[in-house]
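Thanks for coming, everyone. Let me put the model up, and then we will walk through it piece by piece.

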Amino acid sequence: MKIQGAIITTIIAIVALIVFIKGSLYVVDVREQIVVTQFGKPVRTVTQPGLYSKIPFIQNVKYFEKRTIEWDGESSDILTRDKENIEVNTWALWKIIDPLRFYTALGAEYRGQGVLDEIIESSVKNIVSAYMLKEIVRDTNRKLVYTTKELEEAEMIKAVFIEKGRGILAEEIMIAASQGLEDRYGMQLVDVVIRHINYVSSVIPKIYDRMRSERLRIANKYESEGRREEAEIIGSVKKELERIESEGYKRAKEVMGEADAQAVKIYAEAYKQTPEFYSFLKTLETYKNTFDNRTILILGTKGEYFKYLQSYSEKDPEN
Amino acid sequence: MANGYESRPPEFNLDSINWPSNKKYIFLGIGIIALIIGTSFSYFTVNANQEAVILRFGRYIETVGPGLHFRVPIINKVLVGEVKRIYNEEFGFRTRSSGKTSTFDYDFPGAQEESLMLTGDLNCAEVHWVIRYKIMNLKDFFFNVRDVKEALRQVSQGVMRKIVGDRSIDEVLTVGRTEIEDKVKIEIGDKLDSYNCGISIQVVMLKGVNPPQAVKEAFNAVNQAVQIRDRIINDAEGQKNKILPAALGKKEQVIKEAEGYQIKRINQAQGDTNAFLAILEEYKKAQDVTRRRLYLETMAEILPKCEKLYLIDEKQKSILPFLNLGSKLQGSESKLLETEGAK
């Protein structure tokens, strides 16, 4: 019995010790920071990790996130300065840098998110509505590159000078939203990201119509470009054809003319020695060629051929 | 982020229960059980692709690699992460099943919100991309940003839209894709480094960039027009290549024919004149006889051929009325020759 009693006492003592230790010792993780409160009033903050003690039962520990926390905003419809209706969605990273202030001002993380809902969304609205749409969509003044010259020229006309661009506007939103965040709530914005900017869904069909007509215009241009080039090729073929043919004609005529001239020269060289004999021979040849069986020949008797027809004497019959 | 505990069920030491009368054994038994349980909670293994961060009372002590490690229960906390693994994040689509033939889902709820974006010329494009990343520093990964994966997802959407927003629709759809991948990779990397979140981007890959469904047809029409243009031009070039060589051939032919004519003409002339000169040579030797002979031979040859021959005395001046020449000559090509004869 005595021993049983001792065991019970020991167990009670151990439990009491555990409860006491639990109540007086606490661990602060590297990922957390804490505020110690006494009857709800903050007495101490701990931001360094380790094992710490407090008065059990009287003091309480409030844990807060030490790491960077994400904030996800709702999409909001905003009218830009050039009256384009767009939908903007932002996302941010923030952290609690002063747990005591955060605890006293807000008490819990979700309230911090609520503060950002208001602050960031109003900064986004203020800044986006103060600029033209392109200023928010574009980031720099970099020249847009196109696959066709026509589009590039068309875009050059529409181009506007980008004063700031999306990157800088996002920074401006962050600066505007950060105002007083630390002093009032012990919070700090790490980054604000414009996750997306889009036309509101009611405008999108019109945008698609514009894209379609733009593309069809290019398509037509390509086709007519083809026709133009075709005509050019056909024209140059015709020109080339005329050139080739006339060159051939010219050369052939030259060669033939030269041939005739040479022939004339050769004949003249030979015949000029005895022109009379040549004409005699040629005339005889002509007779041979021109007389045929339909020829009626009327001759005087005086001709050489008929010299012996009336007389055979050696003397000329005439004389 | 699973805890690295390796827990075994506590083993019962039968010896200690066998002798309940001996209180010494009871305490010994309890002691042994406690020891076994204690040790089983004191060791943990880190797998080959993992590392582990060890905390003591919430404070960072060290990062250990693969192997069996010791920890004191309650006092030490262990956070294990897969540092060698490549993580995959998909935007604008989801892989439904991967394997030899992967299937992708482009129509999950919210797909448009992820993929639809404005280009610098205020056109719309649907962009689908993949980001692969690795945990580089496990300590930073666990301690600095609460939801690293979410941060990566959001930042990568923001950066992709910013880069696409500074490019033309043509660049986004075709020519500028590698440049976009590179720029996005660098910018996401810079941002994540500034958050100190301990991961590094391995790859940013554009999986597909398309015009929105509603305007796809118009974009295809452009491609078709390019093909039509090329075909028209090719046809014309083909015609050109057919016609011009033929014309050149024809030209050569005409010139060659002329040259042929030239050769023939000269040869003929030389032949004719050579023949004449040969005759002349002989003629010179006996001019009168030869001349006479040539004349008579010719006459002898031509006179028999003639249909009619009229011989008229010089004194007879008008014989024509007597001859019925008209009817004879009518419609015929007959030649009426009057000759004085050869001298």
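**One alanine, then the interface**

Start at B:A151, which is buried, with a relative accessible area of 0%. Keep in mind that this is a predicted model. B:A151 sits in helix α5 of chain B. What does B:A151 touch, leaving out residues up to four places away in sequence? Two residues: A:W91 and B:V145. One of those carries the letter of chain A, so this alanine leads us to the other chain. Now look at B:C197. Along the chain, B:A151 and B:C197 are 46 residues apart. Their C-alpha atoms are separated by 9.0 Å.

Next, the contact between the two chains. How many residues does each chain put in? Chain B gives 114 residues, and chain A gives 111 residues. The area buried between them is about 11000 Å². Carbon and sulfur atoms give 66% of that area. On the side of chain B, B:R146, B:D166 and B:F276 lose the most area to chain A. Together they make up 7% of what that side buries.

Now the polar side of this interface. The rule finds 33 residue pairs in polar contact across it, both residues at pLDDT 80 or more. Which element of chain B supplies the largest share of the side touching chain A? Helix α8 of chain B, residues 216–285, with 37 residues. By class, that side of chain B has 61 nonpolar, 18 polar and 35 charged residues.

On to salt bridges. Side chains of opposite charge can pair when their charged atoms come close. Over all chains, the whole structure has 45 salt bridges. Across the interface of chain B and chain A, the rule finds 15. Take B:D166, one of the residues that lose the most area to chain A. The side chain of B:D166 meets that of A:R138 in a salt bridge, at 2.7 Å from N to O.

B:R146 is another from that list. Its salt-bridge partner here is A:E70, with the closest N and O atoms 4.0 Å apart. This pair crosses between chains. A:E70 lies in strand β6 of chain A, residues 69–72. B:R146 lies in the loop between α4 (138–143) and α5 (148–164) of chain B. Buried or exposed, what is A:E70? A:E70 counts as buried, at 17% relative accessibility. The cut-off for buried is under 20%, so A:E70 falls inside it. B:R146 has a relative accessible area of 26%, so B:R146 is partly exposed. The pair also belongs to a network of salt bridges: A:E65, A:R67, A:E70, A:E109 and B:R146 are linked.

Two salt bridges within single chains. In chain A, A:E230 pairs with A:R227, the closest N and O atoms being 3.6 Å apart. Why are A:E230 and A:R227 separated by about one helical turn? Because they are three residues apart in helix α8 of chain A, residues 204–271. A:E230 is partly exposed at 22%. A:R227 is partly exposed too, at 44%.

In chain B, B:E297 forms a salt bridge with B:R293, with the closest N and O atoms 2.9 Å apart. These two are four residues apart in helix α9 of chain B, residues 287–302, so about one helical turn separates them. B:E297 is partly exposed, at 42% relative accessible area. B:R293 is partly exposed, at 42% relative accessibility.

Strands now. Which way do strand β10 of chain A and strand β12 of chain B run? They run parallel, joined by five bridges.

Within chain B, look at strand β6, residues 87–91. Four of its five residues are buried, so the strand is largely enclosed by the rest of the structure. Five bridges join β6 of chain B to strand β10 of chain B, residues 124–135, and the two run antiparallel. B:Y87 has B:Y133 as its bridge partner in β10 of chain B.

Last, chain A as a whole. Chain A has nine helices and ten strands. Of its 319 residues, 40% count as buried. Among contacts in chain A with a separation of 6 or more, 67% come from residues 24 or more positions apart.

Definitions and conventions. Residues are numbered from 1 along each chain as its sequence is written. Chains are lettered from A and ligands numbered from 1 in the order in which they are written. This is a predicted model: local features need pLDDT of at least 70, side-chain atom pairs count only at pLDDT 80 or more; totals for chains, interfaces and linings use all residues. Side-chain values use heavy atoms; hydrogens and water are left out. Contact means heavy atoms within 4.5 Å. Buried area is the accessible area (1.4 Å probe) that two parts lose on being put together, summed over both. A polar contact is a pair of N or O atoms within 3.5 Å; within protein, one must be able to donate a hydrogen and the other to accept it, and residues adjacent in sequence count only if both atoms are side-chain atoms. Ala, Val, Leu, Ile, Met, Phe, Trp, Tyr, Cys and Pro count as nonpolar, Asp, Glu, Lys and Arg as charged, and the others, Gly among them, as polar. Two strands pair if DSSP finds at least two bridges between them. Buried means under 20% relative accessible area, exposed over 50%, partly exposed in between (1.4 Å probe, protein chains only).
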